[in-house]
Amino acid sequence: MDKLKKIGLSALATSLVASSAYGADVSVVGNTGFTYSSQNGNTGTPDTDHGKGIGTDNSMTFSHSGELDNGWSVSASTALTDAFALTSSSVTLTMGDFGSIKSGSGFGGNSASYDEETPRAYEQVDDGGGTTSSMNLVGSKNDNGSLAYTSPSIDLMGASATIHVGYTPKAEDAFVAGGATTGVSTMGSGQDLGITLSHDSGLKFGIYGAERTREQNGAGLQDAFEGTWYATYSMGPISVGYQESYADAGTSPSQTNANATASFDSSSGYFEANQIAIAFNVNDDLSVSYQKLEDTYDAQAGAAGGATTGGAAVADVTVDTKSISAAYSMGSMSIKAYRTSTDNVGYSTNGGSVTVNEIALGLSF
């Protein structure tokens, strides 16, 4: 009798599992390829200033989705490297005319729709640069452990508008597993807001802001704020774009020499950046682009020891990055390349320059 009970319960459990999975779509997408990169510079780090190498670039994304009884849908994805290391994961609840809510790890949050949005053939301008731009990091602390809401498209006299609203209880870019918390830190909650307007003429405009509140207020500490706006225009095969950004870490300015290395994550003061870009689709398979970024760090403090010029002057240094890229596709195969040059690496007047070249052969399946 006990054996019959066990058989019956096993069959019931199998039936319930099968029923709950009914209607779900599961897919696995893989990308692989080869890269050749070379680098030359004078930043004072011989091990990385000059080098070259051939590597592989493999990834695999698992996705599944299904529809609920009320017509809403749920989708989820997990992206892994070839070493099965997690790169990103997310869950999205799409609520029909009410928009969608998304949460996860490494998915970029709402900021992913606004960071470095000028047209390009291959990578963002700083992806091969010597310094990660502050523009690319705007809102980056508000994604992990957050809720990101996207509104449905709203018609506005020939244009469509999309609104993004986000909230995270701990704005410190820390991954939160189910049922876990990030603990106590100096940062409290974070919120962000963005709007994108797209017009039938080919004009697109976006503006975004992200704020992080202080949980432990010390001397000179205040809330942090980051914001950006961009405008792009496409006419036939040509696309042009311009973008500006601003980031204030909310910490007291300090007397930082102009020849000292600065960092977006650890330096006080603020960062202001602007970027221009033009892209040209030669045909359906080939595209080329040029991007230029100027990213200025200002410590917002008087010069060290009263000096206003020379090596002791306060830091107010511009990182200058230029990139030329091209992409050619042949079905599931693609060839992409860029050449990126960066001056004043690390927001330092003696940070030197570096030039990176990359050619990538990509295969998707």
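This is a predicted model: local features need pLDDT of at least 70, side-chain atom pairs count only at pLDDT 80 or more; totals for chains, interfaces and linings use all residues.
A residue counts as buried under 20% relative accessible area, as exposed over 50%, and as partly exposed in between. Glu294 has 31% relative accessibility, so it falls in the partly exposed class.

The protein chain has 365 residues, and 36% of them count as buried. Its secondary structure comes to 2 helices and 18 strands. Among contacts with a separation of 6 or more, 57% are between residues 24 or more positions apart. The chain exposes about 19100 Å², and carbon and sulfur atoms supply 58% of that area.

In soluble globular proteins, nonpolar side chains tend to be buried together. Here the largest nonpolar core has 10 residues: Leu137, Ala247, Ala262, Phe264, Phe271, Tyr297, Ala299, Ala315, Val319 and Tyr347. Apart from this core lies another, of 6 residues, including Tyr122, Val345, Val356 and Ala360. Tyr297, a member of the largest core, has contacts beyond its neighbours within four places in sequence, and these include Ala262, Phe271, Ala315 and Tyr347. Tyr297 also touches Thr256, Ser267, Ser268, Tyr270, Asp316 and Val317.

Leaving aside neighbours within four places in sequence, Ser267 is in contact with Ala249, Thr251, Ala262 and Tyr297. Thr251 is 16 residues from Ser267 along the chain, and their C-alpha atoms are separated by 8.2 Å. The side chain of Ser267 also reaches the backbone nitrogen of Ser263, at 2.8 Å.

Another loop, between strand E6 (100-105) and strand E7 (147-150), holds Asn110. With 4% relative accessibility, Asn110 counts as buried. Its side chain makes a polar contact of 3.3 Å with the side chain of Asp192. Not counting residues up to four places away in sequence, Asn110 touches Asp192 and also Ala148, Tyr149, Thr150, His164, Val165, Gly166 and Tyr208.

Glu116 lies in the loop between E6 and E7 as well. Its relative accessible area is 1%, so Glu116 is buried. Most residues other than glycine have a negative phi. Glu116 is not a glycine, yet its phi is positive, at about 50°. Met157 is a further residue other than glycine with a positive phi, near 50°. Met157 is found in the loop between strand E8 (154-156) and strand E9 (159-168). With a relative accessible area of 83%, Met157 is exposed, whereas Glu116 is buried.

Charged residues come next. Side chains of opposite charge can pair when their charged atoms come close. The count of salt bridges in this model comes to 4. One of them joins Glu226 and Arg212, with the closest N and O atoms 3.7 Å apart.

Lys292, Glu294, Asp320 and Lys322 are linked in a network of salt bridges.

Leu203, Tyr233, Met235, Ile238, Val240, Ile278, Phe280, Val282, Val288, Tyr290 and Ile324 form a nonpolar patch on the surface, and together they have about 890 Å² of accessible area. Strand E12 (224-235), strand E13 (238-248), strand E14 (270-281) and strand E15 (286-298) are the elements that each give two or more residues to this patch. Met235, one of the patch residues, is found in strand E12. Its relative accessibility is 54%, so Met235 counts as exposed.

Methods:
Residues are numbered from 1 along each chain as its sequence is written. Side-chain values use heavy atoms; hydrogens and water are left out. Patches are made of residues with over 30% relative accessible area and no salt bridge: like charges are joined within 9 Å, nonpolar side chains (Val, Leu, Ile, Met, Phe, Trp, Tyr) within 5 Å. Accessible areas come from the Shrake-Rupley method with a 1.4 Å probe; for residues, only the protein chains shown count as cover. A salt bridge is a side-chain nitrogen of Lys or Arg within 4 Å of a carboxyl oxygen of Asp or Glu. Helices (H or I, at least four residues) and strands (E, at least two) are DSSP runs, numbered from the N terminus. Buried means under 20% relative accessible area, exposed over 50%, partly exposed in between (1.4 Å probe, protein chains only). Contact means heavy atoms within 4.5 Å. A polar contact is a pair of N or O atoms within 3.5 Å; within protein, one must be able to donate a hydrogen and the other to accept it, and residues adjacent in sequence count only if both atoms are side-chain atoms. A nonpolar core is a set of buried Ala, Val, Leu, Ile, Met, Phe, Trp, Tyr and Cys residues joined through side-chain atoms within 4.5 Å.
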